[in-house]
Amino acid sequence: MDKRQSKQRRSRVVIFGGTFNPVHLAHTHVVKELLRLIVPDRLYVIPAAVPPHKQSREIISSEHRVAMLEMAMQGLPVILSDMELKREGKSYTVDTVRDLRKEVDDAEIYLTMGVDAFFEFHTWRDDRTILSMAGLIVVTRPGVGHGADLPRDVMGRYLTDRIDPGYTWDNESGGFVHPVLCSVIPLTVALVSPLSSTDVRTCIEQGDRPTDLLHPKVLRYIEDKGLYR
Ligand code: ATP
């Protein structure tokens, strides 16, 4: 093997999962930034059937959520996967990563999450098993108490106190590394507004038109189908 070949990086598979109830412009922005900054070989967008941590009665059908995701992600090189929708019961990430691991051989797998989700990671089912198979990409989420920048010191303390003491910061990779578990990469996704699907639902419930929060086709779909009223 020549030097160039040995330097070739492993192929990189990135997962961006969520409830997408509905998908909003910050979700699309995160996807675009992942494509630009992480340059994945494959980017999977995976809607959850029944997320373990959310009230299922508030969640509209997966058919509507997928239809809106298709509109919002149109033209972007992502794979919209129904793997969680096809599984019975709650959508545990550990099962998703395990299934994907079988599909993608020795690729590096990364799970993307907002910083709010990251600080709850120790409550996820089999958190360390997930980290034995996949790294994390943690993106900024203004408006959830951490401002526009990721608090690297707080993230480091959280990892070593709640997940595993073996994590250390590595300047070269710009992430937290561990001798056995996978890396955790903080990623600043500029210009992400503090919006959430909850804001969108509230806005519609109140009879407003959230034109600046949604892709125009998604808004039209919601209005045509009378969703979130
Ligand atoms: P809800 O308000 O219903 O809880 P949400 O807006 O958080 O929904 P999800 O579908 O749960 O949307 O989010 C999927 C992923 O996108 C999560 O990892 C979440 O942290 C991230 N995310 C959502 N909104 C933003 C945002 N404004 N900036 C950065 N990340 C976001």
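Reply: Two residues are taken to be in contact if their C-beta atoms, placed from the backbone, lie within 7 Å. The model is predicted, so local features need pLDDT of at least 70 and side-chain atom pairs count only at pLDDT 80 or more, whereas totals for chains, interfaces and linings use all residues. Residues are numbered from 1 along each chain as its sequence is written.

A residue is called buried if 20 or more other C-beta atoms lie within 10 Å of its own, exposed if 12 or fewer, and partly exposed in between; a nonpolar core is a set of buried Ala, Val, Leu, Ile, Met, Phe, Trp, Tyr and Cys residues joined through C-beta atoms within 7 Å. The largest such core holds 52 residues, among which I15 and V138 touch the most other members. Once neighbours within four places in sequence are set aside, the contacts of I15 are Y44, I46, L100, I109, Y110, L111 and T112.

Turning to the helix, elements are DSSP runs numbered from the N terminus (helices H or I, at least four residues; strands E, at least two). In α10, residues 216-225, the buried positions are V218, L219 and I222. These lie on the same side of α10 because they cover an arc of only 100 degrees around the axis, the arc being that of the directions from the helix axis to the C-beta atoms. The other side of α10 carries the exposed residues P216, R220 and D224. The cover over the buried residues includes α3 (62-72) and α9 (197-205). Just after α10, G226 adopts a positive phi of about 65 degrees.
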